[in-house]
Amino acid sequence: MSEPKGEAVFMAVDMRRRRIRIHKTVIHLMGNPKYIQFLVNPEEMVVGIRSVEQDNPGDQTYKVSQRLLTSKSSYEICSSLLIERLCNVMGVFDHEISFRLSGYFVASRKMAVFPLDSFEEIERQGDAHGQ
């Protein structure tokens with residue numbers, strides 16, 4: 001991407017729970033959109049999240065619940081299809097790991113860009129049973 005890199009942004013992927021956690025800062029930088037769309041580019045090895053005005057069925061578009069933006073520090077999306085697509089592009093086959101991606105915000109496109117080489121595995125904390 002030839003545009004200047006803006007503010008640093010982050011998201012996490014939890015393979016076990018099939019969940020993507022986007023830091024709320026990303027949603028706020030986009031202007032608290034009604035919908036967000038995930039774009040996966042396997043050639044450039046990046047994933048983008050951009051603000052869109054309407055649902056585009058089949059295009060990895062998700063409604064943003066404004067109510068959920070008032071709680072916690074991240075916004076969660078559960079999608080087995082998106083997780084599988086990301087992991088296939090990245091070559092990640094361990095379905096028990098969680099990882100973090102670091103990226104940057106492109107204000108002119110209302111889009112967060114995450115290079116897939118920013119992959120950083122997150123150490124799991126033991127659960128209530130010490131596992």
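Tutor: Begin with one idea. A polar contact is a pair of N or O atoms within 3.5 Å; within protein, one must be able to donate a hydrogen and the other to accept it. Keep in mind that this model is predicted.

Student: Which polar atom lies 2.7 Å from the backbone oxygen of P115?

Tutor: A polar atom of the S118 side chain. S118 sits in the loop between β8 (111–115) and β9 (120–122).

Student: What is S118 in contact with, leaving aside its neighbours within four places in sequence?

Tutor: R100, L101 and S102.

Student: Let me try another loop residue. Where is Q60?

Tutor: In the loop between β4 (46–52) and β5 (61–63).

Student: Is Q60 buried or exposed?

Tutor: The cut-off for buried is under 20% relative accessible area. Q60 has 11% relative accessibility, so it counts as buried. Its side chain also makes a polar contact with the side chain of Y62, at 2.8 Å.

Student: Which residues is Q60 in contact with, beyond neighbours within four places in sequence?

Tutor: I36, Q37, F38, S79, L81, L82 and R85.

Student: Now a tyrosine. Where is Y75 found?

Tutor: In strand β6 (residues 74–78). Y75 counts as buried because its relative accessibility is 4%.

Student: What does the side chain of Y75 reach at 2.7 Å?

Tutor: The backbone nitrogen of S65. A polar atom of the Y75 side chain also lies 3.3 Å from the backbone oxygen of K63. Look along the chain as well. Y75 and I27 are 48 residues apart, with 8.2 Å between their C-alpha atoms.

Student: Which members of the largest nonpolar core touch the most other members?

Tutor: I20, I36, F38 and V47, out of 31 residues. Helix α2 (residues 80–90) gives the most to this core, with five residues.

Student: What is V47 in contact with, if I leave aside its neighbours within four places in sequence?

Tutor: M11, F38, L39, V40, L86, L101, A112, V113, F114 and L116.

Student: On to strands. How many residues of strand β1 are buried?

Tutor: Five of its seven residues, so call β1 (residues 8–14) mostly covered.

Student: Which strand pairs with β1 over seven bridges?

Tutor: Strand β7 (residues 98–106), in the antiparallel sense. Within that pairing, A12 has R100 in β7 as its bridge partner. β1 is also joined to strand β2 (residues 19–23) by four bridges. β1 and β2 run antiparallel. In that pairing, D14 stands opposite R19.

Student: What do β1 and β2 form?

Tutor: A hairpin, with four residues between the two strands. Check R18 in the turn: its phi is positive, about 55°.

Student: How many salt bridges does a search of the whole structure find?

Tutor: Seven. Take R17 and D14, whose side chains meet at 3.2 Å, N to O. R17 is partly exposed, with a relative accessible area of 47%. D14 is buried, at 6%.

Student: Which residues are linked in a network of salt bridges?

Tutor: D14, R17, R19, R21 and E76.

Student: What does R16 form a salt bridge with?

Tutor: E96, with the closest N and O atoms 3.0 Å apart. This pair links distant parts of the chain, 80 residues apart. R16 is in the loop between β1 and β2, and E96 is in the loop between α2 and β7. R16 is partly exposed, with a relative accessible area of 44%. E96 counts as partly exposed too, at 44%.

Student: Which residue does E84 meet in a salt bridge?

Tutor: R18, at 2.3 Å, N to O. E84 lies in helix α2 and R18 in the loop between β1 and β2, so the pair ties together parts that are 66 residues apart in sequence. E84 is partly exposed, with a relative accessible area of 24%.

How values were computed. Residues numbered from 1 in each chain as written. Predicted model: local features only at pLDDT ≥ 70, side-chain atom pairs only at ≥ 80, totals over all residues. Heavy atoms only, no water. Core = buried A, V, L, I, M, F, W, Y, C linked by side-chain atoms within 4.5 Å. Buried < 20%, exposed > 50% of the residue type's maximum accessible area, 1.4 Å probe, protein only. Contact = heavy atoms within 4.5 Å. Pairing = 2+ DSSP bridges. Salt bridge = Lys/Arg side-chain N within 4 Å of Asp/Glu carboxyl O.
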